[in-house]
Amino acid sequence: MNISIPFNRPCLTGNEYKYIAEAIANGHASGDGPFTRRCHELLEKELSVAKALLTTSCTHALEMAAILLDCGPDDEVILPSFTFVSTANAFVLRGAKIVFSDIRPDTLNLDESRLEKLVTARTKAIVPVHYAGVACEMEAIGAIAKRHGIRVVEDNAHGLLARYKGRYTGTFGALATQSFHETKNVTCGEGGALLVNDPALVERALIIREKGTNRSQFFRGQVDKYSWVDVGSSYLPSDLLAAFLLAQLQEREAIQRKRRHIWEVYQQRLAGWAGERGVRLPVIPPDCDQAYHMFYLILPSVEYRQSLIAQLKHQGILSVFHYVPLHSSEMGRKSAARETECLVTEDLSARLLRLPFYNDLSEQEQSRVVDAVTSFEG
Ligand SMILES: Cc1ncc(COP(=O)(O)O)c(C=O)c1O
């Protein structure tokens, strides 16, 4: 089948090649070069976070978070079953057990009303995922975490520049993680960032990111040689990737404008059809300024979804679904602290469909997608 409208297409903003050429000319292609520093400064200033550290992926930023919080075999970590494997894997790699939470039916975010019942004396962290770049109820989640002395790590893979009650997502937890994977609004192919909001965690984050060495203290002239002082790995991306990323980050407002337009066209053009067919469109609560990361449909049944995917594919349009609930996966069952019920997750994940969404999706392409969806007989 010839796909003429892909689900995602990486899009350039203008300065990517120029900056990469500069990075090569700089003679600093490895990590933490001038472009990485500029990305850090931009993120720290824009988001007002104590420290932003580029990583090779959001997966690796989550792994750094798990190490930073000293998660181990005696610990439990609460996170939604409806998320990408990395949210859980990062903590499982440290030996921690996962407590899978169900999600809210409206935003598909961790259901804060069920959260406190999942907390035990072993709970080390809560990891809310701002699904589709729509914020979780951070006030309620933060209050529960505070009451029980638990750290919050926001998985903000989808949510760069989203806000909750006027404040950026990624700034609520002790730590937060970003993704710059090619499917994200701002990308460098594969990339991520760890946002460190708790200043007490900054110094160790630098060490963990530099293979467990105090290399950054050495570069700051604080020690006369650097050595192995902690566990760690190589979590820093090449400056060539940072050069690509900087070009994209600098154009973040233009990217967000384009994506907002695409999202609103989908919303406006599909609302009538959705109402007639019992199809649900994304819900954005009034406290949330979303990141315009994706547009999804919740269809009446799994069969309806599968036939719509096939029908769109037949017309050369690629649509996808996710996530396969983690609590019922083979590894999820092995990694769970105990069995938990995630009925909303099971129901909605089976009926969700994501439509093509990328910065340069043209009006013509989007019209073809909308026409193909609304002409589907079911
Ligand atoms: C919620 C969530 N967390 C983490 C990740 C992992 O991101 P990355 O591919 O940058 O490792 C993804 C991937 O899309 C995701 O959807």
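Predicted model: local features only at pLDDT ≥ 70, side-chain atom pairs only at ≥ 80, totals over all residues.
**Helix packing**

Start with α10, residues 252-277, and α14, residues 363-374. Their axes come within 11 Å and cross at roughly 25 degrees. Angles under 35 degrees count as roughly parallel, so α10 is roughly parallel to α14. The crossing is right-handed. On the α10 side, the contact is made by H261, I262, V265, Y266, R269, L270 and W273. On the α14 side, E363, Q366, S367, V369, V370, D371, V373 and T374 take part. By class, the residues of this contact are eight nonpolar, four polar and three charged.

The other packing involves α3, residues 58-68, and α7, residues 202-209. Here the axes come within 10 Å, and the crossing angle is roughly 125 degrees. The two helices are therefore oblique to each other. Their crossing is right-handed. M64, I67 and L68 in α3 meet R204, A205, I208 and R209 in α7. Five residues of this contact are nonpolar and two are charged, with no polar ones.

**Aromatic pairs**

How many aromatic pairs does the count come to? The count is 13 aromatic pairs. Two of them are set out below.

| Pair | Centre to centre | Angle between planes | Geometry |
|---|---|---|---|
| Y131 and Y323 | 6.0 Å | 70 degrees | edge-to-face |
| Y164 and F172 | 5.8 Å | 70 degrees | edge-to-face |

The Y131 and Y323 pair has its planes at 70 degrees, so it is edge-to-face.

Y131 has 1% relative accessibility, so it counts as buried. Y323, at 8%, counts as buried too.

Y164 and F172 also form an edge-to-face pair. Y164 is buried, with a relative accessible area of 2%. F172, at 25% relative accessibility, counts as partly exposed.

**Aromatic cluster**

Which residues form one aromatic cluster? They are W263, Y266, Y292, F295 and F357. Y266 belongs to this cluster, and Y266 is also one of the α10 residues that meet α14.

Note on methods: Residues numbered from 1 in each chain as written. Heavy atoms only, no water. Axes fitted to C-alpha atoms, helices over the stretch in contact; angles between N-to-C directions. Helix = DSSP H or I, 4+ residues; strand = E, 2+ residues; numbered from the N terminus. Parallel < 35°, antiparallel > 145°, perpendicular 65-115°, else oblique. Left-handed = near helix turned anticlockwise from the far one by under 90°. Contact = heavy atoms within 4.5 Å. Nonpolar A, V, L, I, M, F, W, Y, C, P; charged D, E, K, R; others polar. Phe/Tyr/Trp six-rings, centres within 6.5 Å; stacked < 30°, edge-to-face > 60°. Buried < 20%, exposed > 50% of the residue type's maximum accessible area, 1.4 Å probe, protein only.
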